[in-house]
Amino acid sequence: MADEKWSVGRSVNAAKGIPGTTTDCSAWESDVPAEKWSVGRSVNAAKGIPGTTTDCSTWDHKPSARIVVRTTYSPDTPKEVVAKHAFVLIEKLKTLAPDLGLEYDDERSVEPPDQRRVTFAISPTRRVPDLRTRLVGLLLKVCDEPNVPISGLMVEWDDEPTRTAA
Amino acid sequence: MSTDPTSQVILPRVLLVIPVQEAVFDLADEQWEVKQPFGTHRFLPPGADFPFREPEVWVYTQLQGGLGPVEVVVEFRQRLDEDTDRVSYRSVGVSAAVRIDFERNESRLTIRETVFGFSLLPFREEGTYEFRLLAVLAGGGTVPLSGVTCDLSMLHPERRV
């Protein structure tokens with residue numbers, strides 16, 4: 001998703017603060033004499049370790065490029081098989097490029113009623129440099145996937161009419 | 001299995017996960033000071049809409065029961081409600097790692113506290129998100145740590161019922 005579509009700001013606590021009370025507990029457990037009680041501030045049991053900060057500005061971006069896979073099935077192929085093939089490809093791509101955060105792209109996938117020619121898109125959810133080059137490289141690595149009846153495989157992007165296919 | 005006792009690693013358990021607005025590490029006493037816990041529900045600030053980015057979030061955590069060194073990260077993920085009994089998640093991102101060493105000569109009851117900072121944390125849409133701690137394995141994979149996680153619901157103030 002493009003940067004200008006995000007609102008940026010400090011969210012607001014949904015809980016409304018209510019003034020609390022204080023209770024004098026000095027009379028509680030009075031069966032133990034007062035002089036037997038130790039009084040003091042307890043100490044944090046946890047030992048602190050310096051933390052890290054993470055810049056999340058590249059998270060949850062929907063980059064303008066994606067991998068589009070076309071598959072051809074016989075009309076009686078069960079839906080589960082088609083879904084499984086999408087899953088197989090996504091898992092393979094995820095393993096090859098974990099930094100891209102690849103996910104099935106519901107909006108850009110097409111499932112025709114006859115199930116014969118299915119087009120599904122796999123989109124990165126992270127913004128990385130040289131995205132198109134990375135996707136083309138991935139394309140070449142999955143185009144011989146033996147379990148999936150691939151009939152078309154391409155990298156598609158929004159801002160140019162040209163496409164790269166393998 | 002290795003026979004070298006010094007190579008044995010036991011993953012810690014997560015005791016606390018609390019997102020907060022501010023966190024400061026006191027170098028003198030090695031303690032964290034945190035301010036303004038987020039609670040479980042948050043509203044967008046006036047005029048904002050989804051998708052929304054929170055400029056700064058700190059996630060305060062406490063871990064216990066580990067043995068040996070462990071690299072820990074926080075995964076931020078969105079809970080997807082699909083009108084079924086099954087809850088699924090979409091991973092949004094993973095923090096930078098903090099290395100925590102549970103020394104072999106100390107009590108297993110020892111607690112470690114640390115904080116993970118996030119800048120421009122994204123909330124793509126209204127809903128519930130989760131912070132959970134993962135251990136980074138030697139091979140580069142991750143495994144969720146047992147113990148608590150933290151849900152945070154980000155809501156639009158004008159859509160509340």
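How many salt bridges are there between chain A and chain B? The count is zero. Keep that in mind as we go through this pair. One caution before we start: this is a predicted model.

Let's take chain A on its own. Chain A has 166 residues, and 36% of them count as buried. Two helices and eight strands make up its elements. Read from the N terminus, the order is β-β-β-β-α-β-β-α-β-β. Now the contacts inside chain A. Take those between residues at least 6 apart in sequence: 74% of them join residues at least 24 apart.

Next, the interface. Chain A puts 30 residues into the contact, and chain B puts in 51 residues. The area buried between chain A and chain B is about 3,600 Å². Carbon and sulfur atoms give 52% of that area. Salt bridges number zero here, but polar contacts do turn up: 25 residue pairs across the interface of chain A and chain B, both residues at pLDDT 80 or more.

Which strands of chain A each supply at least two residues of the side that touches chain B? They are S1 (7–8), S2 (12–13) and S3 (46–55). The largest share comes from S3(A), with 10 residues. By class, this side of chain A has 11 nonpolar, 12 polar and seven charged residues.

So much for the counts; now to S3(A) itself. S3(A) pairs with strand S8 of chain B, residues 111–123. The sense is parallel, and the pairing runs over eight bridges. For a place to look on screen, find Gly48(A): opposite Gly48(A) stands Glu113(B), in S8(B).

Definitions and conventions
Residues numbered from 1 in each chain as written. Chains lettered and ligands numbered in written order. Predicted model: local features only at pLDDT ≥ 70, side-chain atom pairs only at ≥ 80, totals over all residues. Heavy atoms only, no water. Contact = heavy atoms within 4.5 Å. Buried area = accessible area lost by both parts, 1.4 Å probe. Salt bridge = Lys/Arg side-chain N within 4 Å of Asp/Glu carboxyl O. Polar contact = N/O pair within 3.5 Å; in protein donor to acceptor, adjacent residues only side chain to side chain. Helix = DSSP H or I, 4+ residues; strand = E, 2+ residues; numbered from the N terminus. Nonpolar A, V, L, I, M, F, W, Y, C, P; charged D, E, K, R; others polar. Pairing = 2+ DSSP bridges. Buried < 20%, exposed > 50% of the residue type's maximum accessible area, 1.4 Å probe, protein only.
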